[in-house]
Amino acid sequence: MRDGTINLAGVSTAYEGSDRPVIRDISFTITPGEFVVVGGPNGAGKTTLLETVNGMLPITRGRATVCGLDVASRGYEIRRRVGYVIQNFAFDPLAPFTVRDVVMMGRYGLLGYGRRPGEEDRKIAREVMALLGIEDLAGRPIGKLSGGQQQKVLIAQSLVKRPDVLLLDEPFSNLDLGTRDFICGVLDGIADEGCTIMMVSHAFDALPDREVRVLVMNDGHLIFNRPCRADEVEDHVRTLSGGHHA
Amino acid sequence: MLEFLILNNIVCHAVEAMLFASIACSVLGVIITQMNISSIGFTMTHAAFAGAAAGIFFGLDGTVAAVLASLTIAVILGPLSEKARMPTDTILGILFGMMMAIAIFFISYMQYLGTGVNTSSLLFGNVVSLYREEIYALALISIAAVLFVLTFFKEITAVIFNKKIAEAAGIRVRPIFYALLFMIAISVSLSLNIIGGLLLYVWLVTPAAIAYQFCSTVRDLFLVAPLVAATVSVTGAWIGLQHSLPVGPLIAVVFSGLFLVAVLLSPKRRVPKGE
């Protein structure tokens with residue numbers, strides 16, 4: 001049974017070594033299987049919010065739980081149940097990593113120290129690569145793939161752990177329309193299976209045709225939190241961001 | 001250990017020391033070059049160098065002092081870069097300068113005082129007068145380096161790929177990183193007397209850089225880099241001693257030449273026909 005509940009109560013987060021909070025006093029509850037879109041202008045704290053949920057940044061005030069686990073004290077356990085697709089990746093074309101290697105890395109945290117991936121892990125990796133249509137690329141070096149193919153590989157990596165929550169940071173940047181629609185369809189299917197999806201995006205025309213929850217961030221504060229239809233998201237975000245969003 | 005193969009004791013000890021030092025340094029070198037943190041190796045090398053020089057000045061064992069100095073750098077590096085809120089590279093640059101200055105200060109001062117202490121092996125290495133204990137210590141650290149990579153292979157691979165992605169995958173990046181720093185600190189300190197503070201960095205970086213020109217998987221890098229390092233170091237030590245040539249510099253020059261050849265022959269850099 002998946003429990004992708006995300007609960008933040010008065011949470012403020014600062015970067016390591018800094019006292020100044022980047023996001024302040026954030027409160028919301030997301031129920032399992034919800035599809036959440038996070039919008040807002042540049043520097044609003046959208047990526048920081050994702051990293052807070054994933055337990056990668058120290059919480060300076062408030063309390064956060066993900067999958068019923070306390071983010072401040074059980075970050076590693078949470079990250080084994082949460083997939084996170086980062087923004088702005090760039091891989092060296094000569095880097096010694098094949099697509100298969102990179103996808104399998106998503107299982108490493110689950111396996112723990114000293115255990116090598118087994119046949120079951122390889123089977124799951126093959127299934128996820130097939131879902132994303134990258135099984136033919138398995139033996140190719142990741143650095144030699146296009147941006148869209150690399151994005152699919154990173155999504156596959158976050159899916160092989162069979163996550164309860166999937167966090168995506170600008171997953172549609174630099175993708176052509178066809179690839180955007182394809183990935184959007186994959187995410188829709190994953191949400192149907194009960195996985196909570198939280199996505200920072202400004203590609204509002206690439207959202208699944210379902211009710212989504214919209215969170216709008218501005219200057220580190222959450223200024224909007226409401227479910228709405230996918231075709232209403234852009235209007236809400238644009239209005240609340242003063243015409244700018246990123 | 002290799003007396004059954006090499007009858008001359010001096011040559012035998014030199015070959016053994018070079019074999020173990022090259023394996024330890026090159027295995028760890030794969031990690032630091034792939035993580036783009038070669039400057040950590042550079043700083044650690046000079047911390048060991050400074051520690052040994054200061055240790056000898058104060059009448060301590062040079063190797064023990066080198067280990068303590070480089071371990072100190074390993075321990076303070078992470079917290080220092082966090083507290084100072086500066087890029088790690090800047091911190092490393094400052095530490096490197098400081099360590100080099102300390103080393104030169106003590107070496108120059110000992111020469112000025114005419115203490116009679118020979119510090120040239122700290123600078124350029126010395127494979128002739130080695131104690132058996134030094135070779136055993138090197139053998140242990142080379143085995144430890146190999147075991148470290150074998151045990152944490154998947155974690156190391158993920159950290160090499162991308163630290164943030166590794167952390168997001170649920171891997172504990174910090175303990176792996178600190179274990180790596182610890183292993184580098186011990187390895188460079190124990191290798192200092194043999195290779196010398198000015199050349200040690202070559203053993204950390206160049207074999208991994210040569211292997212990188214030909215290897216398309218991380219596993220191959222960990223196999224080829226120590227193989228290249230051990231072959232060149234052992235052959236260099238043997239030839240150098242046979243012909244009374246300075247062993248450390250000779251091997252370093254061969255490494256550098258091999259790197260240039262590897263870049264020229266690298267299949268990774270070949271543009272496929274039709275592109």
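Me: Two strands pair if DSSP finds at least two bridges between them. What makes β9 and β10 of chain A a pair?

Reply: Eight bridges join β9 (residues 211-218) to β10 in chain A, and at least two are needed, so they pair. The two strands run antiparallel. One bridge sets A:N218 against A:H221 in β10(A).

Me: What kind of model is this?

Reply: This is a predicted model, in which local features need pLDDT of at least 70 and side-chain atom pairs count only at pLDDT 80 or more, while totals for chains, interfaces and linings use all residues. Residues are numbered from 1 along each chain as its sequence is written, chains are lettered from A and ligands numbered from 1 in the order in which they are written, and side-chain values use heavy atoms, leaving out hydrogens and water.

Me: Which sheet has β6 and β10 of chain A as its edge strands, and why are they called that?

Reply: The sheet is open, with six strands in the order β6-β7-β8-β3-β9-β10 (chain A) and mixed pairing. In chain A, β6 (82-85) and β10 (221-229) each pair on one side only. From one strand to the next the twist averages 15 degrees, with axes fitted to C-alpha atoms (for helices over the stretch in contact) and angles taken from 0 to 180 degrees between N-to-C directions.

Me: Which strands does helix α5 of chain A lie across?

Reply: Helix α5 (147-159) of chain A lies across β6 and β7 (165-169) of that chain, at about 165 degrees to β6(A). Helix α6 (177-192) of chain A also packs on the sheet, touching β3 (35-39), β7 and β8 (196-200) of chain A, and makes about 145 degrees with β8(A).

Me: How do you know that β1 and β2 of chain A pair?

Reply: Strand β1 (6-14) of chain A meets β2(A) over six bridges in the antiparallel sense, with A:N7 opposite A:T29. Their open sheet has four strands, β2-β1-β4-β5 (chain A), with antiparallel pairing.

Me: Which elements of chain B touch chain A?

Reply: Those giving two or more residues are α6 (132-151), α7 (153-161), α8 (163-168), α9 (173-195) and α11 (218-242) of chain B. α7(B) gives the most, seven residues.

Me: How many residues are in contact between the chains, and how much area is buried?

Reply: Counting heavy atoms within 4.5 Å, 34 residues of chain B are in contact with 35 of chain A. The buried area (accessible area lost on being put together, 1.4 Å probe, summed over both) is about 2,900 Å², with 61% from carbon and sulfur atoms. In chain B, B:K154, B:F161 and B:R172 lose the most, together 24% of what that side buries.

Me: What makes residues 120-124 of chain B a helix, and which residue has its place there?

Reply: Helices are DSSP runs (H or I, at least four residues; strands are E, at least two), numbered from the N terminus. B:L123 has its place in this helix, α5 of chain B. Beyond residues up to four places away in sequence, B:L123 touches B:F49, B:I107, B:G196, B:G197, B:L198 and B:L199.

Key:
Buried area = accessible area lost by both parts, 1.4 Å probe.
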